[in-house]
Structure formats: structure tokens, C-alpha cells
Amino acid sequence: MAERLGDRAIRFPRPQTSARAIVSAVRAWPGVVDVVVARDTVAAYFDREPQIDPANIAALACANEPVEPVRDVELRVIYDGVDLEHVARATSLGARDIAKLHASATYVVEMMGFAPGFAYMSGLDERLQLPRRETPRERVPAGSLAIADAFTAIYPFESPGGWHIIGRVVGVRMFDARGPLLRLGDRVRFVS
Amino acid sequence: MSLHVVRAVGLCTVQDLGRRGHMHEAVPPGGALVPELLAIANRTANNPDPAPAIEVLGQLVVRAATDVLVAVDGVPRLLRAGEELTVSSGGRRCAYLAVRGGIATPRVLDGHGTLLCAELGAPLRAPESLAIGAAPETHATPPAFTDGTEIHVIAGPDHDAFAAGGLALLTSAPYRILPSSDRVGTRLAGAVIPRAPAYRDASRPMVRGAIEVPRDGQPIVLGPEHPTTGGYPIIAVIASADLGRFFSIALGKAMRFIASR
């Protein structure tokens, strides 16, 4: 079930457990120094030749939630993104409806990847779900609020990006010397 | 106690052995491109292995403010106050300048090194003054480091992403290391690795040393600042024992992959 990802890491299918439960359980395995939870797969990184115990992996399906409660985070945003018009055309919704729909949901940080602090948040209304842009932009400004597929996210840093920009977050940095603003499991609401 | 940066060409950054325990926040470990060479420089300067030192991808000229023991890779040198020293990568992709006591940089997210993708620290720029730290004095023999261009890889895990014989192609002929390589990815030019027609890209966890293959079939080897997840399939991963050797091969040179059992 687990595959070798070189000689210091393994990869296995993501169990049907919350990402933060997976992270805290896997980090307790002997020799594990890091964990990455992606959409369908998980990787465990070791400081030695990985010891793969299939029972450990199987037990993740009923791993306990960490004791720290899930955090509720509210982010102030302005819906003025360069792709609003495109999203409006593709969804047959008006720009105001897009903002209203997007701000009416509560999102959950399902996984983190791509760039430090980049949080994939699930909970996006089906009417707003669009495939990524055919051609990624070379530069997306830091703080851009974006949607793609079933997720919404905020770009923590200026970077290339293929998501549809519908707005920007105001008043906060998504990543600084204390680490990421959003963490796995956070419940996030957007206020415009 | 400080060291003045007189000139910095290319990419010169403070590095240590990297950050652990933050990959689930999408923060890659970072750290020295070749940790073995960092350790050699540090031991030569009587520092502990993880002391922050300067990684030079290009050329760096520094001037000592006071007498100080430094090491460029495995070569020690007593730098007198006011004396200048030029450090160049050339024979290898990178060189390390260690200073007795280490470079004093704040510990941020469990590390002292510059991590460009997270905007932690910044490339060195002249004129700039670097404070020297107070790392304890150690006396350990520097480890041996053997240069080489034959790099062992462990196959997979994305076997289904490639047409049959993909790994044989990867290991059949030399690849050249392209100058466009950076600390995120080392770009290679050589035999094109064709994709299996049915394979669809999916975002998956990545690892340093992973050999990922974009649609154009030219492999990219992930370095210390790699994204923690990525969409390109991985044909093989460099064996941990050969990672430092791979990342020390000078840009423009040819190297060859060898399949491990």
C-alpha cells in the first residue's frame, strides 16, 4: 500500500480522516520528521531508512483529532479580482452574486502545498467551481484571493499561478516569520 | 565581530542544515544545497556542523573587520582585519564560506537559513555587514567528500505515468545540467522521457531529489526550496547518499543516472 519516495520517504493513499489528525498521528511514528497531506496521497519523511508498518497506516483511518480545537478565522477581503469578469461569463453569474456566494460559505483548510502557507480551502459553492486557467499567469500578487476546481485559496507570496483571481485579502500577511496565517483544519470565513 | 560583503555575484545566502517539521504548512526544508560541503567548511572553521555559513552560487568578496578564522570548503585561513577574501563556485556548483562562530542570524521557524520561497532572509548584497555568532568551538575531523557524476536513483513512485522503458531511458545516456537551474529545481537536458498517454497530472507530495518530468519530457530534480506538493509525475528519486554529490556538479556539466536495486 505504501510506495517508496526515494530512501527517506514513503507515500500512501490519503485515509478518510482530517488532515490535521493525519499529520499529528504520522509525526508520532518513529523516525518521522515531516508529513505532507495532499488531496489523494500522504507522504511521511524520515531521518533514516523508512520503517513501514502497514498497521500504522491502516490505523490512520481512525486517528484521533488533535486536542487543540479547530480555529475559526475571519478574513477581510475585497472582491475586485482581474478574473471576476471571466468567472462571471463562465458561471453566468453577476460579479456581485459571485462575491455573495463566495462570502456566504464556511471553508475548511483541507491541504497545504504549492507555496509556503498556501492553503487549499474546501467548501466552494458548486456554481463557482471552474477548471484552472489554460495558461497560468506569470505573476499573481501576494494576497490574491482565488478559486479553482473545488477550492478557494489566497496566494501568500507573489508567484506564478493558474487560479482565477476574484479578489484580495486586506490587512494581513498570509505568511511571516511566525509561519502561515492559516493552518490545516482551520474554518475560514470571508467578510467583504 | 563582523564580516563585510564587498561584492556578491550570483546567489549568495546564509544557509544551515535546513528546517524540519514545517512541510505540512507547505514550507520546504531548505538549507544548504550540499549539506556535506557545509559540514566540511564548518568543521574546518572549528564550528558545529549546523552552524550558519554562506553558500556561494557565483562569487563573493568579503572583508574581515577583525582577525577571524574562516574556511572555504575544506581550506582554513586566518583572515586579518581589513583583509579581503574572494570565494567562487566554479569547479563545483557551490562553495561554502564558514566563519569561526558562525554567521549570526535570527532563528525563524526552527532554522537560520535563507528560504527565498518563504521570504525568510534575503540574498547577500554589497555593501552589507554580517554579524559573527558565538557557536561553540569544536574539533572534529571534516568528513570526506567524493565528487562524481554517476548518481544512483530509486525508481518510482509514479510508474504508471510513463511509457514502458522510461527508467531505462533516464539511465541510458548522460544529461546536462542547465544553467537555468536554481535552489528550487535543477533542470536537465537529455533523452526525452515520454508520458503514458492516459496519465493525468495530480498534485502529490514532493521530496528533495525527486526527478519530476513535465510534459516536455525533460527532467527536473527538486532542490531544497521545492514546493511541498507538485503536479508532475516522479520517475525516480535520487538516493540520499548521492544527493549532495548531484547538487555539487557544476552547471553545464554532464552527469548520468544509475538505477539502484
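Reader: Across which strands does helix α1 of chain A lie, and at about what angle does it run to β3(A)?

Author: This is a predicted model. In chain A, helix α1 is formed by residues 19-26 and lies across β3 and β4. Relative to β3(A), the helix runs at about 160°.

Reader: What is the strand order of the open sheet of 4 strands in chain A?

Author: The pairing within this open sheet is antiparallel. Its edge strands are β1 (3-4) and β3 (32-37) of chain A, each of which pairs on one side only. With 4 strands in the sheet, the order is β1-β2-β4-β3.

Reader: How does the radius of gyration of chain B compare with the value that the globule rule gives?

Author: Chain B has 3 helices and 16 strands. Its radius of gyration is close to the 18 Å that the globule rule gives for 261 residues, so chain B is as compact as a globular protein of that length. Along the principal axes, the C-alpha trace of chain B spans about 65 × 35 × 30 Å. The radius of gyration itself is 19 Å.

Reader: What percentage of the residues in chain B is buried?

Author: A residue counts as buried if 20 or more other C-beta atoms lie within 10 Å of its own. Among the 261 residues of chain B, the buried share is 51%.

Reader: How many residues of domain 1 of chain B are in contact with domain 2, and of what kinds are they?

Author: The domain assignment places residues 2-131 of chain B in domain 1 and residues 150-259 in domain 2. Taken over C-alpha atoms, the centres of these domains are separated by 27 Å. On the domain 2 side 13 residues take part, and on the domain 1 side 19 residues. The residues on the domain 1 side divide into 12 nonpolar, 4 polar and 3 charged.

Reader: Which elements are among those that cover the buried residues of α3(B)?

Author: Helix α3 of chain B comprises residues 240-248. Its buried residues are L243(B), G244(B), R245(B), F246(B), F247(B) and S248(B). The cover over these residues includes α1 (35-44), β8 (150-155), β13 (220-222) and β15 (234-238) of chain B.

Note on methods: Residues numbered from 1 in each chain as written. Chains lettered and ligands numbered in written order. Predicted model: local features only at pLDDT ≥ 70, side-chain atom pairs only at ≥ 80, totals over all residues. Buried ≥ 20, exposed ≤ 12 C-beta atoms within 10 Å, placed from the backbone. Helix = DSSP H or I, 4+ residues; strand = E, 2+ residues; numbered from the N terminus. Contact = placed C-beta atoms within 7 Å. Pairing = 2+ DSSP bridges. Axes fitted to C-alpha atoms, helices over the stretch in contact; angles between N-to-C directions. Domains from an automatic or database assignment. Nonpolar A, V, L, I, M, F, W, Y, C, P; charged D, E, K, R; others polar. Rg over C-alpha atoms; globule rule 2.2 N^0.38 Å.
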